[in-house]
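Please have the viewer open as you read.

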Amino acid sequence: VRIVSRIQKTVNTTADDLSDSYMSGDEEKSNSAKINNEINGNWITVPAGTVQEARLKAKAKRRLRKNSSRDSGRGDSLSDNGDTVRFGPPPTSPKGKVLDRRSRQGKGRGLPKKGGAGGKGVWGTPGQVYEDEQQVDVRDPNYDEDQENCVYETVVLPLDEDAFVRTVTPIVKEYFEHGDAYEVAELLSELNLGTMRSDVPLLAVSLAMEAKASHRELTSRLLSHLCGRVLTHSEVEAAFHKLLQELPDLVLDTPTAPRLVGQFIARAVADHILPTNFVEGYKGRVDCGHTRAALDRAAVLLKMRRETGLRIDNLWGLGGGQRPVNQLIKEVNLLLKEYVLSGDVAEAECCLRELEVPHFHHQFVYEAIVMVLESSGDTTLRMILKLLKPLYDSSVITVDQMRRGYERVYMDIADINIDVPCAYSLLEYFVDQSFSSGVIDKNLRDLCPCR
């Protein structure tokens, strides 16, 4: 019975809906023409049209009123066909909100709230500077009266022996390359040397004895520069005392250590960084033979300085390119003459290296060829070729220096021919022998001038 009653109700409802849907067109037009409704609290008259148009306009009006409190004054309006027109910028947030920080109540001048200094995670206005000093709270349980008078400084621990060697050794070796004593003094002043301060001269002299003569000259200048700036006179004197005590160990690495240490002592006395009675203070109380030899060497140099006016400030000589050109030319000629007499190629190579003028080796080649042209017989020619070949193979004389030396002879051959009538033929023969030995290449051989 219940099922039958439900079926009957459904059939009746369907019939009523069908009857409403088939309403005549005239009745619908008459009803739509008489519609006067209140939309959103305002009495409006719906123009002639369908009910659907009135519904669309009412829907748009409700949407506009819904957003009016949020987007007041944004330029929203309705078009003639009922669409919403927005004149302002589109919302940037997904929910349609404009992410700005202006007041939403329509008050103020439209500036950000709190001048842009408000909001979560904001520390203040742009450019605001906070003071680092903080007031000490007297009521703090950990308050101490001495806190207000404390001065905080960075403490650098003093260097131990291993750290001293690792730190100072690269500084001294780098000084041998650039020769700037001011930079070394600045670097040492930044270190806390502590009790190792007097070991700076000892380490510098030990490294210089294993280096070249020019490096020893730089070391003497460095000690004179550091005394009074980084080191005191007493510390320099203590360093030389310790140097004399360690001479037996230094001789194992440098056999000439006693002579070199004596020269360093004489140079230090001449530079007024050691007292004049330093050597005399050891008289009668020296047992070591090496120490005695060093002191004797220093005493002889100082005596020659007083009696003959020997300049101890040039004791080590000038290194490399600091020497005058005339002096270098004399030393090169002396080296070649000594080689022709002895025939020792290794000794000649060692002497050429000690000159420390790799940029001036073209002069060595030039003087060697001129010596061949001015000599009589083939002995000098064979010995010069015997010398140039190993120097070229070991790159002691580079290709550019060798080529420049030969080209200089080519340019001066006309003047040389005035003193040596057969210079052209001798030069041509020497160039052919040089090419056969592999000292020069074919292009340099072809440049050889002829009469």
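**The chain as a whole**

Please keep in mind that this is a predicted model. The protein chain holds 18 helices and four strands. Of its 451 residues, 32% count as buried. The accessible surface of the protein chain comes to about 30100 Å², and carbon and sulfur atoms account for 51% of that area. If we take the contacts in the protein chain with a separation of 6 or more, 63% of them join residues 24 or more positions apart.

**Two helix pairs**

Two packed helices are described by the angle between their axes and the distance between the axes. The table gives both values for the two pairs discussed here.

| Helix pair | Axes come within | Crossing angle |
|---|---|---|
| α6 (residues 199-209) and α8 (residues 233-245) | 7 Å | roughly 50° |
| α16 (residues 399-419) and α17 (residues 423-437) | 10 Å | roughly 160° |

Let us begin with α6 and α8. Their axes cross at roughly 50°, and the two helices are therefore oblique to each other. The crossing of α6 past α8 is right-handed. On the α6 side, the residues that meet α8 are D199, P201, L202 and V205; on the α8 side, their partners are A239, K242 and L243. Sorted by class, the residues of this contact are five nonpolar and two charged, with no polar ones.

Now for α16 and α17. Their axes cross at roughly 160°, which makes α16 roughly antiparallel to α17, because angles over 145 degrees count that way. Here too the crossing, of α16 past α17, is right-handed. From α16, the contact takes in Y406, V409, Y410, I413, A414, I416 and N417, and from α17 it takes in A423, Y424, L427, F430, V431 and S434. By class, this contact has eleven nonpolar residues, two polar residues and no charged ones.

Is S425 buried, partly exposed or exposed? With a relative accessibility of 45%, S425 counts as partly exposed, because that class lies between the 20% and 50% limits. S425 is 24 residues from P449 in sequence, and the C-alpha atoms of S425 and P449 are 9.7 Å apart in space.

H225 belongs to helix α7, which spans residues 213-226. The relative accessible area of H225 is 10%, so H225 is buried, the cut-off being under 20%. Which residues does H225 contact, leaving aside its neighbours within four places in sequence? They are A181, Y182 and A185.

**Two loop residues with positive phi**

Most residues other than glycine have a negative phi. E356 has a positive phi, near 55°, and is found in the loop between α13 (345-354) and α14 (361-374). S395 also has a positive phi, near 65°, and is found in the loop between α15 (379-393) and α16.

Definitions and conventions. Residues numbered from 1 in each chain as written. Predicted model: local features only at pLDDT ≥ 70, side-chain atom pairs only at ≥ 80, totals over all residues. Heavy atoms only, no water. Axes fitted to C-alpha atoms, helices over the stretch in contact; angles between N-to-C directions. Parallel < 35°, antiparallel > 145°, perpendicular 65-115°, else oblique. Left-handed = near helix turned anticlockwise from the far one by under 90°. Contact = heavy atoms within 4.5 Å. Nonpolar A, V, L, I, M, F, W, Y, C, P; charged D, E, K, R; others polar. Buried < 20%, exposed > 50% of the residue type's maximum accessible area, 1.4 Å probe, protein only. Areas by Shrake-Rupley, 256 points an atom, 1.4 Å probe, with all protein chains shown as cover.
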